[in-house]
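These are my notebook entries on what I looked up in this structure. I began with a pocket and then followed the helices around it.

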Amino acid sequence: MKHKALLYHIIAILTVVIWGVTFINSKILLNQGLQAHELFLARFFLAYICIWFISPRKLFAVNLKDEFLLFLLGITGGSLYFVAENTALTYTLVNNVSFIVCSSPLIATLMAIAVYKEVKATVMLMVGSVIALIGVGMVIFNGHFVLKLNPIGDVLALTASVAWAVYSLLIKKLSGRYSAVFITRKVFFYGIMSVLPIFIFMPWQFPLSGFFRPSTLVNYLFLAVVASFICFLVWSWVIKKLGALRVTNYIYLNPVSTMIASAIFLHEPMNIISYIGCFLILAGVFCAGKGTKA
């Protein structure tokens, strides 16, 4: 059992590492002309096609309440989260967005304490969350803190953070009754359905032929197949195995993988502040994990 638990933790960490790298993929595609809602629809559409090859043919949840919760998953973990996050990048600094979005584990913890009686605000949990968040700030700002508030961008980033926190807690509620494959397929479906109204006001503009450019195609396939189809499926599965809060705490590791990927692919420098920040993130995640009971 201990070996299995360790495997679940490793898989959760690898998933977050991949999601940290996707920031670079998304940035490349947005710079190539895709709009935030276009990028989201494109990646979730392909992911939805992929999951049908392994999904049971069960179409609906057992009752309307669960179907509505699955609809909320599609919004909070899909359309609302991704469109809000990517749109925020057009209004405010990347550092602001990254830092605010990485507060989702702390928000999820506070929500869980308020909603679930079995979740207690242990000292280790709260201290670990704060330490990890400080580490996130050090890694993201990399010793060059620039305060530039933009109400629209920062509110959108906070919206994305709250959306992901709600998504994680909703999966906790549903994972005991449905398989990870079924939940993930419904997330893709309702994510697609809920983003379509945006196209009434902001029609699709990116030429479909643009997807066949080598750089665009590689980044798009990575986002759609690896980061969406595989990672969302795995994320639902490990939440079922380990619990929502324990797994969500690994989101703090997101900027670490982003920083490493930036150093490798974009040749962005790392300094002593970055290394200290990484250490604080790891220490904070460890403490929060020890203090998490759900």
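Entry 1, the pocket. I looked up the second largest pocket in this predicted model and found that it holds about 280 Å³ of space. I counted 16 lining residues, and those nearest the pocket centre are Leu30, Ala36, Asn86, Thr87 and Thr90. The largest share comes from H1, with 4 residues.

I turned next to H3, which has 25 residues. From its first C-alpha to its last I noted 33 Å, close to the 36 Å expected at 1.5 Å a residue. I also asked where the kink in H3 is centred. The kink lies at Ile75 and amounts to about 40°. At the start of the helix, I found a side-chain oxygen of Asn63 within 3.2 Å of the backbone nitrogen of Lys65.

I asked how many salt bridges the model contains, and the count is 2. One that I examined pairs Asp66 with Arg177, with 2.8 Å between the closest N and O atoms. This pair joins distant parts of the chain, 111 residues apart. I placed Asp66 in H3, and Arg177 in the loop between H7 (151-174) and H8 (180-195).

I looked for a bend in H10 (residues 214-242) and recorded a kink of about 35°, centred on Cys231. Just after this helix, I noted that Gly243 takes a positive phi of about 105°.

How values were computed. Residues numbered from 1 in each chain as written. Predicted model: local features only at pLDDT ≥ 70, side-chain atom pairs only at ≥ 80, totals over all residues. Heavy atoms only, no water. 1 Å grid on protein atoms, 1.4 Å probe; cavity = no way out; pocket = protein on both sides within 12 Å on 5 of 7 lines; lining within 4 Å. Points joined across faces, edges and corners; volume = space filled by probe spheres on them. Helix = DSSP H or I, 4+ residues; strand = E, 2+ residues; numbered from the N terminus. Expected span 1.5 Å × (residues − 1). Bend = angle between axes of the 7 residues up to and from the residue. Polar contact = N/O pair within 3.5 Å; in protein donor to acceptor, adjacent residues only side chain to side chain. Salt bridge = Lys/Arg side-chain N within 4 Å of Asp/Glu carboxyl O.
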